[in-house]
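Please examine the following model with attention to its nonpolar packing and its charged side chains. The explanation below should be read alongside the coordinates.

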Amino acid sequence: MFCTFAAWLINKAGHPFEQPQEYDDPNATISNILSELRSFGRPADFPPSKLKSGYGEHVCYVLDCLAEEALKYIGFTWKRPTYPVEELEEETVADDDAELTLNKVDEEFLEEETDNEENFIDLNVLKAQTYRLDMNESAKQGDILESTTDAAEWSLEVERVLPQLRVTIRTDNKDWRIHVDQMHQHRSGIESALKETKGFLDKLHNETSRTLEKISSREKYINSQLEHLVQEYRAAQAQLSEARERYQQGNGGVTERTRLLSEVTEELEKVKQEMEEKGSSMTDGAPLVKIKQSLTKLKQETVQMDIRIGVVEHTLLQSKLKEKSNMTRDMHATVIPESAIGSY
């Protein structure tokens, strides 16, 4: 996948590159990819074996460089981001829960009225009755205005409807006034807690200071009382260090002498072994027998050599005599008689 993706990016960057096949040599393919990467002017200071696994930091680096070169070749440029336009809700006075208006009260009252019709008075009937009463009253302008409604019934109706007319104002947690109130509440709580805590902290500080003073004074007293013991301890420490040094020196001498003793023991063992060999050779008669046998053999060989020497001398004397007689005969044969010379 890495080689295929790299080949596709190289082609996108304007350099022809064959798509690698499954049975191609991976070393050759990776070397070609690195060569193309260097041709773009990108450094590749790592061995090709880092790309064989197909994952890792170097693989990401190669793909990143090839992607940048491909984007440069096709002329890709980043555009400024375009943010979607959010539709802002129309802010009306009726949406503010912190403000109460007459329209909102009427709407809430009508919604509650539709939900619980059996618990409310029919407003249309009331309006019709009121209209008729107004007409009657207008007709009787001269009469004195008097209420025909029973006060007890009116009180009962008011008590029945009063819970439905209760208006609750929901506060907004984002309002700065609420934040200011919360800040004031937290500040007052912190101040009240600080007053109590400060007293405990002051008390703890005073107790700690007194304890530290007692500890320092006690330490000074102990140091003054144990000064001679401290000096004795220091002297003992010095003596101990000196004894350790002497022990180290003596231990070094013992080691050297042990080495010399081992060498001397080895030499003594060698001498003992040689002495034992010589003693065994002196007490043993086998060498003497061997010497006698050798002497006898030498005598026999000497006699044989004397016989051979005599034979050789006799043969040499015979050859000399024979040669001498031959020379004499030759000399007599070459002498020319005087009679033969006169005839010539």
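The paragraphs that follow treat the conventions, the nonpolar core, one arginine and its partners, a further salt bridge, and the cysteines.

The model is predicted: local features require pLDDT of at least 70, side-chain atom pairs count only at pLDDT 80 or more, and totals for chains, interfaces and linings use all residues. Residues are numbered from 1 along each chain as its sequence is written, and side-chain values use heavy atoms, with hydrogens and water left out.

We begin with the nonpolar core. The term denotes a set of buried Ala, Val, Leu, Ile, Met, Phe, Trp, Tyr and Cys residues joined through side-chain atoms within 4.5 Å. Burial is defined by relative accessible area: buried means under 20%, exposed over 50%, and partly exposed in between (1.4 Å probe, protein chains only). The largest such core comprises 21 residues, and those with the most contacts inside it are L34, L37, L51, V62 and L66. Two or more residues are contributed by each of α1 (2–12), α2 (26–39) and α3 (57–74); α3 gives the most, with 6 residues. Helices here are DSSP runs (H or I, at least four residues), as strands are (E, at least two), and they are numbered from the N terminus. In soluble globular proteins, nonpolar side chains tend to be buried together.

If neighbours within four places in sequence are set aside, L37 is in contact (heavy atoms within 4.5 Å) with R42, A44, Y61, V62, C65 and L66.

Where does R42 lie? R42 is located in the loop between α2 and α3, and with a relative accessible area of 17% it is buried. Under the same exclusion of sequence neighbours, the contacts of R42 are L37, Y61, C65, E68, E69 and K72. Two of these residues also meet the side chain of R42 in polar contacts through their own side chains: E68 at 2.7 Å and E69 at 3.3 Å. A polar contact is a pair of N or O atoms within 3.5 Å; within protein, one must be able to donate a hydrogen and the other to accept it, and residues adjacent in sequence count only if both atoms are side-chain atoms.

Side chains of opposite charge can pair when their charged atoms come close. A salt bridge requires a side-chain nitrogen of Lys or Arg within 4 Å of a carboxyl oxygen of Asp or Glu, and the structure holds 6 of them. One joins E68 and R42, with the closest N and O atoms 2.7 Å apart. This pair links distant parts of the chain, E68 in helix α3 and R42 in the loop between α2 and α3, 26 residues apart. Another joins E69 and R42 (3.3 Å, N to O); these two are 27 residues apart, and E69 likewise belongs to helix α3.

E256 is partly exposed at 37%, and R259 is partly exposed at 38%. Elsewhere, salt bridges that share partners join R42, E68 and E69 into one network.

Finally, the cysteines may be considered. A disulfide is a pair of cysteine sulfur atoms within 2.5 Å, and by this rule the count is 0. C60 is exposed, at 52% relative accessible area, while C65 is buried, at 2%.
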